[in-house]
Amino acid sequence: MKTVLKYTKPHLPIIIFGILFKAFGAFTDLAIPRLLAVMIDEDIPTGDINRVYRTGAFMLAFALATLVLNITGNRLAAIASSRLAHDLRHDLFVHTLELDTAATDRLGLASLTSRLTSDTYNVATFFGRMQRMGMRAPMILIGGIIITFTLDVRLALIFLLVLPLVALTVYLVTKKTVPIYKKEQKILDDMVRRVDETASGIRVIKALSKVDFEKSRFDITAQNLSNEEIRAGRISSLTTPINDLIFYFGFCVVVSIGAVISATTGEEMSGTLLAFMTYFTMVLNGMLVMSRMFVQMSKATASAARIEEVLHTERELKVVESTTAHKSGEDEPYIVFDKVTFSYGGRRANIKDLSFTLNRGETLGIIGGTGSGKSTVIKLLMRLYDVTEGSIRIGGRDLREIPFDELYSIFGTAFQNDFVPRGTVRENIDFFRGISDEEINRATEIAQAHDFIYALEDGLDHEIATRGMNVSGGQRQRLLVSRAVLGNPDILILDDASSALDYKTDAALRSAIKHKVDTTTVIVSQRVASVRSADKILVLDGGRAVGLGTHDELIKLGGFYSTLYNSQFS
């Protein structure tokens with residue numbers, strides 16, 4: 001919670017003013033029952049109607065002041081909590097974007113989504129209620145106790161004896177509910193993940209007639225969440241009735257003793273007992289609010305811990321200082337993989353002792369079976385992960401020595417299932433880089449997307465749905481390739497980016513890239529046709545290089561590549 005509390009510092013002036021308004025509102029509210037006791041026990045017995053009117057006027061003034069002060073305090077609390085939520089969500093979102101790929105994999109997209117939404121909501125709601133009610137309730141509680149001592153010390157002592165019992169109830173309930181709320185948030189992560197998977201795979205689910213199956217899976221997750229909510233509700237619901245029992249028992253004792261004192265001594269205590277009843281009610285409500293605040297704090301504490309886990313996750317991939325003055329010469333390869341070994345989980349090597357070089361302007365084709373490590377090579381080249389052993393160099397510099405902004409600016413990438421946000425065709429291709437329509441049109445011609453784009457009703461202004469659901473798979477991939485080649489990147493990466501294209505369009509795309517784009521190209525594919533014209537072809541099997549050379553050289557060598565070629569072109 002310490003990290004989250006730091007977000008209140010920029011808004012302290014508003015918070016302090018809000019607290020002051022609520023404090024004055026509590027004081028004016030507490031004064032009304034005391035004035036009522038004065039009116040009944042002191043003013044009315046004198047028969048002086050002016051004194052009664054004067055005291056009544058003070059009561060009315062305090063009531064109006066309470067109204068104005070509480071409304072102002074509530075508005076300031078709403079402003080402060082809203083701004084805190086904005087700052088917290090902003091920083092959490094930015095930090096999420098800056099997380100290493102490994103950290104994103106570990107935390108999970110569903111968990112990050114719920115932390116950014118429900119967890120920040122829980123924290124902001126708690127701070128808002130703390131300012132509105134959490135500050136007023138203790139003031140009412142303490143002020144009510146102090147004023148009851150000014151009314152009658154004997155009755156106030158009885159009143160005071162019940163408070164430790166209430167505090168004990170709140171403590172026990174809070175202790176029990178915090179672990180439940182933490183478990184509840186994890187189940188909520190599962191629900192978010194389930195909804196996201198179902199929404200993205202709805203076509204497959206319907207095609208395979210698995211709608212009922214997905215309903216049952218969602219029902220299980222929803223039922224688990226409901227069970228935890230019921231469990232937490234059962235425990236937290238004990239707070240109000242137990243505190244009611246304690247307070248009303250104490251109130252009965254106070255009234256009984258007050259009646260005995262009045263009967264035996266002849267003291268006039270009607271106003272005092274009425275004031276005590278009012279203060280009992282106010283203090284009881286204050287204690288109930290505090291107990292609810294403690295329950296809310298349990299949920300907010302669990303949410304804050306999850307938020308802080310993300311904010312405290314430091315980037316493992318760091319830029320290191322260069323240890324050599326080595327620079328790439330004209331004769332030195334542009335891309336170098338030097339005995340690279342990599343493992344995702346540390347259990348087995350996904351890439352094993354991989355070495356190859358690629359000159360500037362050349363094209364490298366990477367081919368292999370499913371799970372052979374093709375996409376892993378791309379992730380290592382872009383430094384989404386760090387190698388376990390060996391090194392990767394671009395232009396003579398180790399990737400670990402290149403600042404991230406500089407490194408990422410080198411690449412233009414298009415993956416098979418890439419990011420397609422809701423927006424126009426222009427926005428998806430340009431991706432807010434501010435590149436001219438002339439350059440965009442050139443990129444679409446290279447990507448073989450120009451004809452289909454201008455066949456759309458609005459051309460570049462045509463609205464694309466989220467994930468590109470309103471265009472075909474081949475059209476979506478050509479939009480992604482247009483985005484990748486736009487801006488003339490130093491290294492163009494196409495990772496199965498033409499898998500949905502027909503052979504004719506695929507061949508035209510590769511020819512356009514070769515003759516119209518001055519770049520070093522890496523093509524990942526399972527099609528021999530997509531890589532056969534590459535300057536070098538890297539053949540992977542089980543994370544190892546089992547072939548490296550031109551198409552003709554690999555055909556002569558036989559083995560995996562030759563078998564794959566024969567199976568696709570037989």
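This tour moves through the structure stop by stop, naming what to select and what is found there.

The model is predicted, so local features need pLDDT of at least 70 and side-chain atom pairs count only at pLDDT 80 or more, while totals for chains, interfaces and linings use all residues. Residues are numbered from 1 along each chain as its sequence is written, and side-chain values use heavy atoms, with hydrogens and water left out.

**Stop 1: helices α2 and α3**

Select residues 12-46, helix α2, together with residues 49-98, helix α3. Helices here are DSSP runs (H or I, at least four residues), strands are runs of E of at least two, and both are numbered from the N terminus. Two packed helices are described by the angle between their axes and the distance between the axes. The axes of α2 and α3 come within 7 Å and cross at roughly 160 degrees. Axes are lines fitted to C-alpha atoms, for helices over the stretch in contact, and angles run from 0 to 180 degrees between N-to-C directions. The two helices are therefore roughly antiparallel to each other; angles over 145 degrees count as such, whereas those under 35 are roughly parallel, 65 to 115 roughly perpendicular and the rest oblique. The contact of α2 with α3 has 21 nonpolar, 11 polar and 6 charged residues. In these classes, Ala, Val, Leu, Ile, Met, Phe, Trp, Tyr, Cys and Pro are nonpolar, Asp, Glu, Lys and Arg are charged, and the others, Gly among them, are polar.

**Stop 2: along α3**

Next, select Leu 60 in helix α3. Leu 60 is exposed, with a relative accessible area of 53%. Exposed means over 50% relative accessible area, buried under 20%, and partly exposed in between (1.4 Å probe, protein chains only).

**Stop 3: Asn 243**

Asn 243 is in helix α11, residues 239-265. Is Asn 243 buried or exposed? Asn 243 is buried, at 0% relative accessible area. Its C-alpha atom is separated by 7.9 Å from that of Leu 284, 41 residues apart along the chain.

**Stop 4**

Select Arg 383, in the loop between α13 and β4 (389-394). Arg 383 has a positive phi of about 55 degrees although it is not a glycine, and this residue is buried, with a relative accessible area of 2%.

Asp 496, in the loop between β9 (491-495) and α19 (503-516), likewise has a positive phi of about 55 degrees without being a glycine. Asp 496 counts as buried, at 14% relative accessibility.

Pro 403 sits in the loop between β5 (397-398) and α14 (404-410). Pro 403 is partly exposed, at 36%. The C-alpha atoms of Pro 403 and Val 319 are separated by 6.0 Å, although the residues are 84 apart along the chain.

**Stop 5: polar and charged lining**

Finally, select Ser 375, Lys 379, Phe 415, Gln 416 and Asp 495, which lie nearest the centre of the second largest pocket among its 14 lining residues. Helix α13 (residues 374-381) gives the largest share of this lining, 4 residues. By class, the lining has 3 nonpolar, 7 polar and 4 charged residues. A pocket is an open set of points on a 1 Å grid over the protein atoms alone, where a 1.4 Å probe fits, with protein on both sides within 12 Å along at least five of seven lines; lining residues have an atom within 4 Å of a point.
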